[in-house]
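Dear colleague,

I am handing over the structure below, and after it I set out what was found in it. Please read the notes alongside the model.

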Amino acid sequence: MGFMSLVFLLATISVSTVNCNSEGDALSSWRVSLIDPNTVLSSWDPTLINPCTWFHVTCNNDNAVIRVDLGNAGLSGFLVPALGTLTKLQYLEVYSNNISGVIPKEIGNLRNLVSLDLYQNKLSGSIPSSFGKLKSLQFLRLNGNHLSGSIPIQVIQLVQWGNLRVMNVSDNKLAGTVPNTNGAEGYATTVIVQDPHASM
């Protein structure tokens, strides 16, 4: 192997390791804030360089975290701002738990996010306007929480002109009106702001 090839290989390994370390640190900081009675996070060992070996975490070929699946896991605790550093993340599935507190605005940094499922938790506060930066987002399900305030116009614009196909914010404490939300390029968009099964 030539010298330059060796340097390139070592540099690639170094960048990959740094990436794994930072993502592992982010997920470890989240784990510390969670109560895990069913020990679903027992494999989340902060001494391991690569979080791609952890259960409920999926990585791409570059060892970047692209999916976290913790739906219906019996978890309580909080979401943490460090989640916003998982820049390759495409799916954040944390539905049907007992997660409380506010949704960190830093989640708006996840530009590759396709699906954000936080429904059926105990989240409070407002929907962050930073979600307007999630241009790849197709599915946003926040129903069944204690969210209040109005839906930020930046999020409505994701429905009107972005890729957002499903937005469910029913069964919260949201107020205000939702303007015409025809999807971009004629795509069908489902926006649920009130539980269709709730009594009128």
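Helices (H or I, at least four residues) and strands (E, at least two) are DSSP runs, numbered from the N terminus, and two strands pair if DSSP finds at least two bridges between them. In β8, Gly101 has Leu123 as its bridge partner; this belongs to the parallel pairing of strand β6 (residues 98-101) with strand β8 (residues 122-125), which are joined by two bridges. β8 is also joined by two bridges to strand β10 (residues 146-149), again in the parallel sense, and there Ser124 stands opposite His146.

Please keep in mind that this is a predicted model, in which local features need pLDDT of at least 70 and side-chain atom pairs count only at pLDDT 80 or more, while totals for chains, interfaces and linings use all residues. Residues are numbered from 1 along each chain as its sequence is written, and side-chain values use heavy atoms, with hydrogens and water left out.

An open sheet with mixed pairing is formed by seven strands in the order β2-β3-β5-β7-β9-β11-β13. Its edge strands, β2 (57-59) and β13 (190-192), each pair on one side only. Within this sheet, strand β3 (residues 65-69) and strand β5 (residues 91-93) pair in the parallel sense over three bridges, and Asp69 stands opposite Glu93 in β5.

In helix α2 (residues 153-161), the residues Val155, Ile156, Leu158, Val159 and Gln160 are buried, where buried means under 20% relative accessible area, exposed over 50% and partly exposed in between (1.4 Å probe, protein chains only). Among the elements that cover these buried residues are β9 (139-141), β11 (166-168) and β13, with contact meaning heavy atoms within 4.5 Å.

The structure also holds three aromatic pairs, for which rings of Phe, Tyr and Trp (its six-membered ring) must have centres within 6.5 Å, planes under 30 degrees apart counting as stacked, over 60 as edge-to-face and the rest as tilted. The rings of Trp44 and Trp54 have centres 5.4 Å apart and planes at 25°, so this pair is stacked; both Trp44 and Trp54 are buried. Tyr95 and Tyr119 form another stacked aromatic pair, at 5.0 Å centre to centre and with 10° between the planes. Because Tyr95 lies in the loop between β5 and β6 and Tyr119 in the loop between β7 (115-117) and β8, the pair ties together parts that are 24 residues apart in sequence. Trp30, Trp44 and Trp54 form one aromatic cluster.
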